[in-house]
Protein chains: 2
Amino acid sequence: MKSPVELGELFRATGRKNTAQRQCIFELLHGTTVHPTAETIYAEARDKMPSISLRTVYQTLNDLAALGEIQQLDLGTGSFRFDPNVDAHHHLVCIECGNAEDIYADFPDVQIPRAAAKDFELTSTEVVFRGRCVTCRTKD
Amino acid sequence: MKSPVELGELFRATGRKNTAQRQCIFELLHGTTVHPTAETIYAEARDKMPSISLRTVYQTLNDLAALGEIQQLDLGTGSFRFDPNVDAHHHLVCIECGNAEDIYADFPDVQIPRAAAKDFELTSTEVVFRGRCVTCRTKD
DNA sequence: TTGTCAATTAGCAAATATTGTTGATAAGGT
DNA sequence: ACCTTATCAACAATATTTGCTAATTGACAA
């Protein structure tokens, strides 16, 4: 993901406005390695801008995803998670707390079998490892 | 997935009741290769049992999943899909219509990198190929 | 600096998918 | 056939995300 300043310029360049609410969200996303939900970002944004609405958070996140600056992930935890890391990578998801971790690995063998591949226009390939993270395991 | 008759016995053996509604759902699931949603099954079940409720469909599907007779899949299409095929397999998902196809392939190199694997208790590994299916491609 | 205009905001309603609740009903062992 | 208990159907509730709208604000140009 680009820096908050660069994102402001990008928004302007694409006919969007660079508002204080958006800058606030850009800064929260910048450098985060967790995969926050819209609600999480909303909660954090409210600490700095009490009047911000959840609707605005969703709109900004959707805009960022449309511009390819963040990834909108559905990891099966009940709500979308947003990832400022847009490089090709995979995920390790905890079935207990829902937290996700990036996995930087290349799986060259992961290809659609020839029979099925012929008529399918492939867009993306995702690998999800599910299980329990250290935190949840030591909790019991 | 077991046959409708066997599932009826299994339900009784596990202290559940083998009702007409459940037999109807068992028969709909038996042998299907698509990955129906609860709503789809509900619509089909109503053709044979107009009084059946959506709640009963959800309950029966959840019971079947708890017994390991079907798989409850979240393929990022907005709702759960149910798969009577419980063998280890992966999926090809259309981002336009949401339909899913089974992929029987073994990806032996898909493993958690050693650094991350140490503290994680792995339960399952899923590979999802996303793109557009033939039907949706030829539609345009 | 200020005016103009379209994009954005906040707040609320609505849509979608799933689960909780409850009185009535019926399955299944005895 | 009877009795216990799970299940049923209908409705309400929850959770997440999107739709709508009047008022506001940013961006650009004069």
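This is a predicted model: local features need pLDDT of at least 70, side-chain atom pairs count only at pLDDT 80 or more; totals for chains, interfaces and linings use all residues.
Local features need pLDDT of at least 70, side-chain atom pairs count only at pLDDT 80 or more, and totals for chains, interfaces and linings use all residues. Residues are numbered from 1 along each chain as its sequence is written, while chains are lettered from A and ligands numbered from 1 in the order in which they are written.

**View 1. Residues around DNA strand D.** A residue is near the strand if its C-beta atom, placed from the backbone, lies within 6 Å of it. There are 25 such residues, and A:N18, A:S79, A:F80, B:R16 and B:T56 come nearest. At least two residues each are supplied by α4 (54-66) of chain A, α2 (20-29) of chain B and α4 (54-66) of chain B; helices are DSSP runs of H or I with at least four residues, strands runs of E with at least two, numbered from the N terminus.

**View 2. Crossing of α2(A) and α3(A).** The axes of α2 (residues 20-29) and α3 (residues 38-48) of chain A come within 10 Å and cross at roughly 120°. Axes are lines fitted to C-alpha atoms, over the stretch in contact for helices, and angles run from 0 to 180 degrees between N-to-C directions. A:C24, A:I25 and A:L28 of α2(A) meet A:I41, A:E44, A:A45 and A:K48 of α3(A); two residues are in contact if their C-beta atoms, placed from the backbone, lie within 7 Å.

**View 3. Chain A against chain B.** In this interface, 30 residues of chain B are in contact with 30 residues of chain A. β5(B) gives the most to the side of chain B that touches chain A, with twelve residues. Strand β5 (residues 121-132) of chain A and β5(B) pair in the antiparallel sense over eleven bridges; pairing requires that DSSP finds at least two bridges between the strands. The bridge partner of A:S124 in β5(B) is B:R130.
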